[in-house]
Amino acid sequence: MIALWIVLILVLILLILLGVAAARAIQMKPTSAATAQFPDSDLERAQRYAETLSTLVQCETVSEKDQVSRRKFQAFHKLLREQFPLVHKAATRTVLNGSLIYKIPGLDGGAGAPILIMSHHDVVPAQGEWKYPPFSGEIAEGSVWGRGTVDTKGSLFCFMQAVEELLAEGWKPECDVYLASSCTEEWGGDGAPAIAAWLKEQGVHLGLLLDEGGMIMDSPMAGVKGRYAMVGVVEKGYADVKFTANAAGGHASAPGPNTALVQLARFICKTDRHSPFQARFSPTLREMFQRLAPNMSFGMRMLLGNLWLFEPLLCFLLPRVNPLAGAMMRTTCAFTMAEGSPAYNVLPQQAWVTANMRCMPHQGTDESIEIIRAAAKKCGLDTEVLKADPACAEVDFKGDAFRLLEETMGKIYPGYGVAPYIMTGGTDARFYMYEGVVENALRFAPLEINKQQYASIHAANENLSILALPPAVDFYQELLHSYCARNGKPELAPEKPARKAPARKKAALKAKTEAEEPVTETAEPAPEAAKPEGEQPAPEAPAEQPKKAAKPKKSTASKAEAAEAAEESAEPAPETDKAPEPEAPAEPAAETDEPREE
C-alpha cells in the first residue's frame with residue numbers, strides 16, 4: 001500500500017511538472033524573427049557588387065596542405081588592388097607568404113582598442129557536377145555561382161567594399177582598423193598563425209575580431225521559424241589521432257581470429273555506437289535554444305524551452321537524433337583514413353585508421369584524447385597524436401562586443417533574431433586567441449543564405465544571391481562606424497588580459513619563414529571624394545541577368561609600382577615608416593610574391 005502511494009505521489013509530481021512546462025511553452029510568444037522580411041535591396045547596386053565578386057571568384061585560389069607555391073595568390077592580390085584602390089592607398093599592407101594584413105591608422109595615432117575584420121581568400125577544390133563552371137563566376141538566376149562565393153570571398157568582398165565606400169566619403173576612423181585575409185585557412189596552415197604572430201610582435205591587442213563562421217538563415221534548424229543571425233562565440237578544440245593494430249599477418253586463405261583489421265573494426269563500431277564522451281548543455285547552447293524556442297513548434301518549444309526539466313533527457317536524445325546538435329554538446333570522433341594490407345590476398349601485419357576529433361571545452365583536447373586512448377587500448381590498439389589544438393575561450397554573449405553586433409543587426413536587418421552558437425568547425429580566429437591578441441573573437445558573416453547555399457559549402461553548385469550583398473556591405477559600414485566611435489578614446493579601451501593564451505600541442509608556424517619576411521606597403525592618405533549619388537530602389541529579385549560592368553582602370557601610382565617591385569624580392573625589407581626599397585632576391589623568382597603590373 002505504501003509503495004502504491006509513493007508511485008501515485010511521483011506520478012502527481014510528474015504531471016505537475018509537465019503542466020508547468022506546458023504552461024511556460026504556451027506563454028512563449030513568437031518573436032519578430034518569425035515575421036522579419038529581407039531588407040530592400042537596390043538591384044543596380046547588387047548587380048554592380050555581383051560583377052566585382054564574380055571577378056574575384058574567377059581567380060582560382062585553391063589551397064591544399066603541403067602546397068609549396070603561393071604564386072597563384074599573387075593574381076588575386078592584384079585583383080584586390082585594382083578593385084579597391086582607396087583601401088590600398090589608405091592602408092599599410094603587409095604580405096606574409098601569400099596572406100594579407102591591412103592597417104588603416106586611426107586619428108591621432110589610433111588611440112583605443114583596434115578592430116580586425118577578416119575572411120580567407122583560399123578555397124577548397126571544386127569537385128562534383130556543377131550547374132555552372134566552378135570558377136566562371138557566372139551571374140545567373142539572381143546569384144553569383146562559383147567556388148568561394150559563400151566560403152568566403154563573398155564576405156571578403158563585402159568588407160573590402162564597405163571600407164572602400166567609407167574612404168570615398170572621407171571617413172577617418174577614430175581607432176586603428178585592420179583587415180586580414182589568409183590563404184591557408186582551408187587546411188589550417190601557416191597564414192593566420194603568421195598574421196596573429198605579426199600582430200603580437202607589433203604589440204597590437206584587439207578589442208574586437210570578426211571572422212567568418214555563422215551566417216544569416218531562415219529557419220536555421222528544423223522546427224524553427226524565422227530569420228536568425230547565428231554568431232559563433234566558441235570554437236571547439238582539434239585533434240588528429242592515429243590508431244594502429246598489430247597482428248601476425250599471413251595468407252588470406254586461412255585467416256586467424258582477431259586480425260589487425262578486425263581489431264580496428266571492433267574499435268570503430270564500438271566508438272560509433274556508444275560515444276565515450278559526455279554530452280552537456282553549455283551556457284552558449286542554453287542561450288541559443290532560449291532565443292530560438294519562442295519560434296519553435298509546440299513540442300520542441302516545450303522540450304527546449306524547459307531545460308530545467310528536460311535537460312537529462314535531451315542530453316541522451318539530441319546527439320542520437322540530430323548530428324549538428326550532438327556536435328555542439330560533446331566531443332566528436334570521426335574516422336577518416338585507413339590502410340591495411342598492400343595486397344588483396346595478404347593479411348596485414350599492421351593496419352591503421354585515423355580520426356578527426358573536435359573537442360568540447362568541458363572535456364578539453366587533452367582529456368578527450370586520453371578518453372579515446374583508453375578506449376583504443378581496450379581493443380589492443382596503439383594511439384598516436386598527430387596534431388592537437390586546445391578549445392578557445394568562450395566569448396561572453398552578454399558582453400559589449402556581442403551587444404554591438406546585435407545592435408548593428410537591428411539597424412540593417414530589422415526584426416531578425418541573433419543567437420550565439422558553438423562552432424563545430426574551425427576558423428582562422430582561433431590562432432589569434434592562441435596568440436593572446438584578442439578575447440572578443442566573433443565568427444559571423446552578415447550574408448543571408450538559404451539551405452541549398454549552406455549545403456553547397458565545400459560541395460558542388462556553391463552560389464550566393466546578389467541581393468545578399470548590399471545589406472552585408474551596409475552591416476560592415478555600420479559596425480565600423482559604431483565600433484570606432486566608441487573605442488577611439490583611451491578611456492574606453494579594454495585592458496590587456498593578465499592571463500596567458502592557451503598553449504598548443506603543435507606550435508604554429510612562425511610569421512617569418514626562411515625564404516620570406518613580411519612585405520609591407522606604406523599607407524598613403526586617402527583622397528577626399530564626393531559621396532556617391534543616391535540610388536533608386538528596385539525590385540527584390542532581378543528581372544534579368546545583369547550586364548557586365550566596365551573594368552576599373554589600373555593604377556599608375558609610383559608608390560604602388562614600387563610596392564609591387566618590393567614584393568618581387570625574396571627577402572624584402574621589414575616594415576618601416578617609409579616605403580621599403582627592394583633588395584636583391586636571395587633566390588630566383590620567389591614563389592610568394594606578386595607579379596609587377598605591365
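**Strand β1 and selected local features of the predicted model**

In strand β18 (residues 519-521), glutamate 521 is the bridge partner of arginine 93, a residue of strand β1 (residues 92-96); helices (H or I, at least four residues) and strands (E, at least two) are DSSP runs, numbered from the N terminus. The structure is a predicted model, in which local features need pLDDT of at least 70 and side-chain atom pairs count only at pLDDT 80 or more, whereas totals for chains, interfaces and linings use all residues. Residues are numbered from 1 along each chain as its sequence is written, and side-chain values use heavy atoms, with hydrogens and water left out.

The pairing of β1 with β18 is antiparallel and extends over three bridges, two strands being taken to pair if DSSP finds at least two bridges between them. Strand β1 is also joined to strand β2 (residues 99-104), again in the antiparallel sense, by five bridges, and within this pairing threonine 94 has isoleucine 101 of β2 as its bridge partner. The two strands β1 and β2 form a hairpin with two residues between them, and asparagine 97, which lies in the turn, has a positive phi of about 55°.

Five of the five residues of β1 are buried, so the strand is largely enclosed by the rest of the structure; buried denotes under 20% relative accessible area, exposed over 50%, and partly exposed the range in between (1.4 Å probe, protein chains only). Thr92, Thr94 and Leu96 point one way from β1, while Arg93 and Val95 point the other way, and all are buried. In a regular strand the side chains alternate between the two faces of the sheet.

The peptide bond from aspartate 151 to threonine 152 is cis, with omega near -10°, and threonine 152 is found in helix α5 (residues 149-168). Serine 482 has its place in helix α16 (residues 469-487) and counts as buried because its relative accessibility is 9%. When its neighbours within four places in sequence are left aside, serine 482 is in contact (heavy atoms within 4.5 Å) with Leu404 and Lys411.
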